[in-house]
Amino acid sequence: MRAKLTAIQGPRWVAIACALLVIGTAESADNSVKQFSYKSTDIKAGLTLLSGAGGNIAVLQSDNGVLVVDNGLERNNEALQAALEQFDGRAKYVLNTHWHGDHTGGNRALSEQATILAHENVRLRLAGQDNDDADKSVADAFPDITYDDGITLHFGGQTVRVVHFPGGHTDGDSVVYFEPAHVVHLGDLMFADYFPYVDVDSGGSVTGYINNVAAIEAQLDDEHIVIPGHGQITDKQGVRRFHQMMIETTTAIAEMKSAGQSLQQIQQQGLGDKWQGWGDFFIDESRWISIVYNDL
Ligand SMILES: [Zn+2]
């Protein structure tokens, strides 16, 4: 997930800036405002979920340090370091499921101790993004090892199979399977019970996303524990629900579009009561309709 400030209209941007100023004042007037800290949830077989802000983070403990899948927003790096102290040993490997800053913001902080791995497009996109900022030592934040179709690590008693999926949420999406634990981290190819963000500017596509979710669903069985990029831990049923939502809503939007309805008309009409609550996170119903409408 990645917010795009460039898409925000002038007056709305001013309103948001004002709102932020108000929040800033409230925080400075009240010293008791709590620092963010990650919520830690045991999954199984040495796997732990760190959640609460940014993308969901999975940590796998071995006798020899930890492997970390995604690492949150850069502004939460202190909280990340604090959360990692509960584990034995240093972060040895870091996997990035894709390049967005709410999943890779900890790369720089972890790069001294860990080897960072990601799909080659993750490195390309991080490099393209950060090259605009000449003041930063940007190379620290890039993956050290990149792969094309995937890579397999043997760590903490698990076979950690990392598989690239083509153009879905972005063009550098990886899914991480932990076997034999039967746990899978889907990155942002899964927003559990929420409309997803599709980053078309980063090589994502609605159709590609749906195809990837269908392929993932087919690979899972009822025992799998599913870690989404955003939202609560779920299972194959959760992936099926998400897949079904994508099929039904995109079909409905496509039909309205081909019947000649404008984007605004479809947004006004909405998608119906069935999908109430799916817009309660980052992508509301209007934005989901516009993502689908513009990419079909
Ligand atoms: Zn993302």
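Predicted model: local features only at pLDDT ≥ 70, side-chain atom pairs only at ≥ 80, totals over all residues.

Modeller: Residues are numbered from 1 along each chain as its sequence is written.

Biologist: What does the secondary structure of the chain come to?

Modeller: I go by DSSP runs, numbered from the N terminus: helices are H or I with at least four residues, and strands are E with at least two. On that basis the chain has nine helices and 12 strands.

Biologist: And what share of the chain's residues is buried?

Modeller: Buried is 20 or more other C-beta atoms within 10 Å of a residue's own, exposed is 12 or fewer, and partly exposed is in between, with C-beta atoms placed from the backbone. The chain has 296 residues, and the buried part of them is 42%.

Biologist: Which residues touch the most other members of the largest nonpolar core?

Modeller: A nonpolar core here is a set of buried Ala, Val, Leu, Ile, Met, Phe, Trp, Tyr and Cys residues joined through C-beta atoms within 7 Å. The largest one holds 70 residues. Those touching the most other members are Val-68, Val-176, Phe-178 and Val-184.

Biologist: What does Phe-178 touch?

Modeller: Contact means C-beta atoms, placed from the backbone, within 7 Å. Leaving out residues up to four places away in sequence, Phe-178 touches Leu-47, Leu-60, Gln-158, Val-160, Val-183 and Val-184.

Biologist: On to the helices: why do H6 and H7 count as roughly antiparallel?

Modeller: Axes are lines fitted to C-alpha atoms, for helices over the stretch in contact, and angles run from 0 to 180 degrees between N-to-C directions. Under 35 degrees counts as roughly parallel, over 145 as roughly antiparallel, 65 to 115 as roughly perpendicular and the rest as oblique. The axes of H6 and H7 are 10 Å apart, at an angle of about 150°. So the label for H6 and H7 is roughly antiparallel.

Biologist: How do the residues of the contact of H6 with H7 divide by class?

Modeller: On the H6 side, the residues include Val-206, Ile-210 and Val-213, and among their partners in H7 are Phe-242, Met-246 and Ile-247. For the classes, Ala, Val, Leu, Ile, Met, Phe, Trp, Tyr, Cys and Pro are nonpolar, Asp, Glu, Lys and Arg are charged, and the others, Gly among them, are polar. The contact of H6 with H7 divides into nine nonpolar, two polar and three charged.

Biologist: How is H7 placed against H9?

Modeller: H7 covers residues 236–258 and H9 covers 285–295; their axes are 10 Å apart and the angle is about 65°. That makes H7 and H9 roughly perpendicular.

Biologist: Which residues make that contact?

Modeller: By class there are five nonpolar, two polar and one charged in the contact of H7 with H9. H7 gives Thr-249, Thr-250, Ile-253 and Lys-257, and H9 gives Trp-288, Ile-289, Val-292 and Tyr-293.

Biologist: Which helices do the buried residues of H9 pack against?

Modeller: The buried residues of H9 are Trp-288, Ile-289, Ile-291, Val-292 and Tyr-293. They pack against H6, H7 and H8.

Biologist: Which peptide bond is cis, with omega near 15°?

Modeller: Look in the loop between S10 and S11, where Pro-180 lies. His-182 is in the loop between S10 and S11 as well, with a positive phi of about 65°. The cis bond runs from Glu-179 to Pro-180.

Biologist: Last one: what is Gly-231 in contact with?

Modeller: Gly-231 lies in the loop between S12 and H7, and 19 C-beta neighbours inside 10 Å make it partly exposed. Its C-alpha is 7.2 Å from that of Asp-193, 38 residues away in sequence. Setting aside neighbours within four places in sequence, Gly-231 is in contact with Phe-191, Ala-192, Asp-193 and Tyr-194.

Note on methods:
Contact = placed C-beta atoms within 7 Å.
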